[in-house]
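Subject: Structure handover

Hello,

Here is the structure I promised to pass on. Please have a look at it before reading my notes.

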Amino acid sequence: LLIVVAATWIGRGLYDRLFILEGHVVAVNATAEDHTIGFAFPAGDEIEIDLKAGASLRFEVGKTGEGSVDVTIDGTRREEVGYVTSMNGMIVLTIAEDRVTFSQVSL
């Protein structure tokens, strides 16, 4: 019984990673200019990407932590957006001219 429970627990974690897109983040640059965009997650993971105008990029974050995501654009802190937890669906962060939009895709 212990082996079955452990295998089920591990299988559920793999399923979440593969099919619920846990830890996957899509960044979208909805502006007319190229930008260097930095994301700092509450658990301490920081990602910096160069994103051309109108482009998007998908990346993975190991552990997001719990709280809002700190966003910097071209070295200037823009704002804190959204709320992440220990288990998230795919996160979409859209950079617009005047704000950053946070959304999660639930499957």
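The notes below go from the overall layout to the local details.

Ground rules

This is a predicted model, in which local features need pLDDT of at least 70, side-chain atom pairs count only at pLDDT 80 or more, and totals for chains, interfaces and linings use all residues. Residues are numbered from 1 along each chain as its sequence is written, and side-chain values use heavy atoms, with hydrogens and water left out.

Overall layout

The chain has one helix and eight strands. Helices (H or I, at least four residues) and strands (E, at least two) are DSSP runs, numbered from the N terminus. In sequence order the pattern reads α-β-β-β-β-β-β-β-β. The C-alpha trace spans about 55 × 25 × 20 Å along its principal axes. There are 107 residues in the chain, and 33% of them count as buried. Buried means under 20% relative accessible area, exposed over 50%, and partly exposed in between (1.4 Å probe, protein chains only).

The helix and its nonpolar patch

Helix α1 covers residues 2–19 and holds Leu14. Leu14 is exposed, because its relative accessible area is 53%. Together with Trp9 and Ile10, Leu14 makes a nonpolar surface patch of about 400 Å². Patches are made of residues with over 30% relative accessible area and no salt bridge; like charges are joined within 9 Å, and nonpolar side chains (Val, Leu, Ile, Met, Phe, Trp, Tyr) within 5 Å. Accessible areas come from the Shrake-Rupley method with a 1.4 Å probe, and for residues only the protein chains shown count as cover.

β5 and β6 pair in the antiparallel sense over six bridges. Two strands pair if DSSP finds at least two bridges between them. Thr72 has Arg77 in β6 as its bridge partner. The hairpin has two residues between its strands. Asp74 sits in the loop between β5 (67–73) and β6 (76–84). Its phi is near 50 degrees, a positive value in a residue other than glycine. Asp74 is partly exposed, because its relative accessible area is 46%.

Salt bridges

How many salt bridges does the count come to? The count comes to two. A salt bridge here is a side-chain nitrogen of Lys or Arg within 4 Å of a carboxyl oxygen of Asp or Glu. Arg77 meets Asp70 in a salt bridge at 2.9 Å, N to O. Arg77 also meets Glu80 in a salt bridge, at 3.0 Å, N to O. Arg77 counts as partly exposed because its relative accessible area is 49%. Glu80 is partly exposed too, with a value of 48%.

The negative patch

Asp74 comes up again here. A negative surface patch is formed by Glu33, Asp34, Glu48, Asp50, Asp74, Glu97 and Asp98. For charges, Lys and Arg count as positive and Asp and Glu as negative, while His and the chain ends are not counted. The place of a charge is taken as NZ of Lys, CZ of Arg, CG of Asp or CD of Glu. Asp34 lies in the loop between β1 (24–29) and β2 (35–40). Asp34 is partly exposed, because its relative accessibility is 48%.

Contacts across the sequence

Ala27 lies in strand β1. Is Ala27 buried or exposed? Ala27 counts as buried, because its relative accessibility is 0%. Asp45 is in the loop between β2 and β3 (46–51). Asp45 is partly exposed, with a relative accessible area of 30%. Asp45 and Gly62 are 17 residues apart in sequence, and their C-alpha atoms are 7.8 Å apart in space.

The β7–β8 hairpin

Strand β7 (residues 90–95) and strand β8 (residues 100–105) run antiparallel and are joined by six bridges. Met90 stands opposite Val105 in β8. The two strands form a hairpin with four residues between them.

Best wishes
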